[in-house]
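Please read the following briefing alongside the sequence and the coordinates.

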Amino acid sequence: ANVDQFYNLLIYNYKRHISSSIGRRSPWIIELDFAWLSRPRDPRLEALLRFIRLIVNNPKYRHVYFVSIDKALEWMKYP
């Protein structure tokens with residue numbers, strides 16, 4: 001698979017998550033594999049970085065936060 005395919009998969013899954021009523025306020029978790037992060041020019045890593053840039057730079061997504069799993073669990077306990 002290439003960068004565009006992985007990117008489109010991320011977008012599809014994110015939009016599907018936020019389209020549900022619970023998804024508007026619940027965490028959406030992206031699981032990462034160390035291999036993605038350790039290999040230069042891995043299409044999955046490039047797609048993830050492209051997705052993050054979209055979310056961070058688009059005012060439409062100003063309500064979206066990237067947090068560690070610890071922070072997500074804390075939020076789930078005390079929203």
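What percentage of the 79 residues in the protein chain do buried residues make up? Buried residues make up 19% of them, where buried means under 20% relative accessible area, exposed means over 50%, and partly exposed lies in between (1.4 Å probe, protein chains only). This is a predicted model, in which local features need a pLDDT of at least 70 and side-chain atom pairs count only at pLDDT 80 or more, while totals for chains, interfaces and linings use all residues. Residues are numbered from 1 along each chain as its sequence is written, and side-chain values use heavy atoms, with hydrogens and water left out.

**Confidence**

- The protein chain has an average pLDDT of 86, and 95% of the residues score at least 70; pLDDT is the predictor's confidence in each residue, on a scale from 0 to 100.
- Within the protein chain, confidence is lowest in helix α2 (residues 34-38), with a mean of 79, and highest in α3, with 93.

**Overall architecture**

- The protein chain contains 4 helices and 0 strands, and from the N terminus on its elements run α-α-α-α; helices (H or I, at least four residues) and strands (E, at least two) are DSSP runs, numbered from the N terminus.
- Taken along the principal axes, the C-alpha atoms of the protein chain fill a box of roughly 40 × 25 × 20 Å.
- Of the contacts in the protein chain with a separation of 6 or more, 55% are accounted for by residues 24 or more positions apart, a contact being heavy atoms within 4.5 Å.
- The accessible surface of the protein chain comes to about 6400 Å², and 57% of this surface belongs to carbon and sulfur atoms; accessible areas come from the Shrake-Rupley method with a 1.4 Å probe, and for residues only the protein chains shown count as cover.

**Helix α1**

- Helix α1 (residues 3-19) has 17 residues and reaches 24 Å from its first C-alpha to its last, close to the 24 Å expected at 1.5 Å a residue, the expected span of a helix being 1.5 Å times one less than its number of residues.
- Tyr7, Leu10, Ile11, Tyr14 and His17 are buried in α1. Seen down the axis of α1, its buried residues fall within an arc of 130 degrees, so they line one face of the helix; the arc is that of the directions from the helix axis to the C-beta atoms.
- An α-helix has 3.6 residues a turn, so residues three or four places apart point the same way.
- The buried residues of α1 pack against α3 (43-57), whereas Tyr12, Arg16 and Ser19 are exposed on the other side of α1.
- At the start of α1, a side-chain oxygen of asparagine 2 reaches to within 3.0 Å of the backbone nitrogen of aspartate 4.

- The 15 residues of α3 should span 21 Å at 1.5 Å a residue, and its end C-alpha atoms are 21 Å apart, which agrees.
- Leu45, Ala47, Leu48, Phe51 and Ile55 are buried in α3. Viewed down the axis of α3, its buried residues fall within an arc of 160 degrees, so they line one face of the helix.
- The buried residues of α3 pack against α1 and α2, while the face of α3 turned away from its buried side carries the exposed residues Val56 and Asn57.
- Aspartate 42 lies in the loop between α2 and α3 and, at 5% relative accessibility, counts as buried. Leaving aside its neighbours within four places in sequence, aspartate 42 is in contact with Ala35 and Trp36.
- At the start of α3, a side-chain oxygen of aspartate 42 reaches to within 2.8 Å of the backbone nitrogen of arginine 44.

**Selected residues and distances**

- Histidine 17, in helix α1, counts as buried at 17% relative accessibility, and its C-alpha atom is separated by 7.1 Å from that of tryptophan 28, 11 residues apart along the chain.
- Asparagine 13, also placed in helix α1, counts as partly exposed at 22% relative accessibility, and its C-alpha atom is separated by 24 Å from that of serine 38, 25 residues apart along the chain.
- Proline 59 is placed in the loop between α3 and α4 (69-77) and is exposed, with a relative accessible area of 56%. Proline 59 and leucine 10 are 49 residues apart in sequence and 19 Å apart in space, C-alpha to C-alpha.

Note on methods. A polar contact is a pair of N or O atoms within 3.5 Å; within protein, one must be able to donate a hydrogen and the other to accept it, and residues adjacent in sequence count only if both atoms are side-chain atoms.
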